[in-house]
Amino acid sequence: MAPSFLIHQVTVRCNSRCAMCGIWRLEPGDELKLEEVDSLLGDPFMAGLRWVNLTGGEPFLRQDLPELIGAYGRRCPELEIVAIPTNGFLPDRIEEGVKLALRALEGTGTLLSVTVSIDALGADHDAIRGVPGCFDRAMETLDRLRYIDHPRFTTGVETVITHLNVDRIEEIYRALKERAPHVNVTPAMAADFFGNKDAFDPVALRGDEVPRMLDFLASISKEEPAYAYYFDKVRDIHIKHRRTYPCLGCYSTMLLSPTGDVYPCLMLGGEGWRLGNVRTEAVRDIWCSRKADGMRERISENPSCERCTNNCDIMANLKAETWNFASWMALHPGTFFALLRYVRENEFAKKVA
């Protein structure tokens, strides 16, 4: 029941104006200070964290982000990875922040992963992100991060598939693969957390775009063997209309808002899913309360959770359904052997392993 995967939204401040996200419209509140986060991580209940995702807004807009990363590395003895998505609009600050964070993590054995969000090429990416010139800055950030030579650091690209780019997704993927160590591709989703539920229609996949996306994911499975199992599960959701891998939200997965509110997961970040606040209650009491138990019952019966394509904590998820994953690999030997080659040859996979 104690969390092993934490999504910490460190800020809602954002210098992007993304078509598929409304976080940038939110007013920043009284964000948890470094000392408050450090105190929270000192609670023994948080000692089992293995994977932390520091998200936003734009995480690198927090001046103390390197120190925050260092607090996680210092306080969490089981921590394997700190993952940070960035829009890449601030190459200087991001490069310097990563270098400072790596110094702060020295001696911890924790891997730092920073991925740049790039959804299209050139002016098309600028239009999706709502900021002229942002594609060039994102690519500059990616290039700078690629040349940071550190045994516990990795970078790559995150691409969100929407109505705005699905027609060109193959071209986008191929172009980014030439510049990035790895490219993770995921479908966009509507959720309270993203503040996009009321404005999601213009970016939602429609008609034959869904099978087009699924065909694309299937076509790159052997090139991206680390994601092949997940791609197949996305296909299940769209074809079978149900999730065929477990949701660990409110069990091993926890979402922490910038102001200290606790939620079950990324997709259930609305007011109706708020469990409590770490400024006024002990995190163990929040997570093990009757309210949390009731929330777990609601999640098990929530139709939108059945259609959720997020695979938040991939490590815990694979451990939770080892036999499912093993049998799937047995039925897909080509992908299995591609994954073995990936582990041997790919620097990112070596570091994670």
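The protein chain contains an open sheet of 9 strands with mixed pairing, in the order E6-E5-E4-E3-E2-E1-E7-E8-E9. Strands (E, at least two residues) and helices (H or I, at least four) are DSSP runs, numbered from the N terminus. Two strands pair if DSSP finds at least two bridges between them. Strand E6 (183-187) and strand E9 (276-277) stand at the edges with a single partner strand each, so one side of each has no neighbour in the sheet.

This is a predicted model, in which local features need pLDDT of at least 70 and side-chain atom pairs count only at pLDDT 80 or more, while totals for chains, interfaces and linings use all residues. Residues are numbered from 1 along each chain as its sequence is written, and side-chain values use heavy atoms, with hydrogens and water left out.

**Confidence**

The predictor's confidence in each residue is given as pLDDT, from 0 to 100. The protein chain averages a pLDDT of 87, and 87% of the residues score at least 70. Among its elements, helix H3 (residues 91-104) has the highest mean pLDDT (98) and helix H15 (residues 347-352) the lowest (43). Over residues 347-353 pLDDT stays under 50, and the model has 16 contacts beyond four places in sequence for them. Contact means heavy atoms within 4.5 Å.

**Inside the sheet**

Strands of a sheet pair through backbone hydrogen bonds, either parallel or antiparallel. Strand E2 (residues 51-55) and strand E3 (residues 81-86) run parallel and are joined by 3 bridges. Val-52 has Val-82 in E3 as its bridge partner.

**Two backbone details**

Most residues other than glycine have a negative phi, and most peptide bonds are trans. A cis peptide bond, with omega about 20°, joins Gly-56 and Gly-57. Gly-57 lies in the loop between E2 and helix H2 (65-75). Cys-250, which is not a glycine, has a positive phi of about 75°. The loop that holds Cys-250 is between helix H8 (225-240) and strand E7 (253-256).

**Helix packing**

Two packed helices are described by the angle between their axes and the distance between the axes. Axes are lines fitted to C-alpha atoms, for helices over the stretch in contact, and angles run from 0 to 180 degrees between N-to-C directions. Angles under 35 degrees count as roughly parallel, over 145 as roughly antiparallel, 65 to 115 as roughly perpendicular and the rest as oblique. A crossing is left-handed if the near helix is turned anticlockwise from the far one by less than a right angle, and right-handed if clockwise.

| Helix pair | Axis angle | Axis distance |
|---|---|---|
| H3 and H5 | roughly 25° | within 9 Å |
| H7 and H8 | about 155° | 9 Å |
| H1 and H2 | about 15° | 10 Å |

H3 is therefore roughly parallel to H5, and their crossing is right-handed. Residues making the contact include Pro-91 and Ile-94 of H3 and Arg-137 and Leu-145 of H5. By class, this contact has 4 nonpolar, 1 polar and 5 charged residues. Here Ala, Val, Leu, Ile, Met, Phe, Trp, Tyr, Cys and Pro count as nonpolar, Asp, Glu, Lys and Arg as charged, and the others, Gly among them, as polar.

The angle of about 155° makes H7 roughly antiparallel to H8. The crossing of H7 and H8 is left-handed. Among the residues in contact are Met-213 of H7 and Phe-231 of H8. The contact of H7 with H8 divides into 7 nonpolar, 1 polar and 2 charged residues.

H1 and H2 are roughly parallel to each other, with a right-handed crossing.
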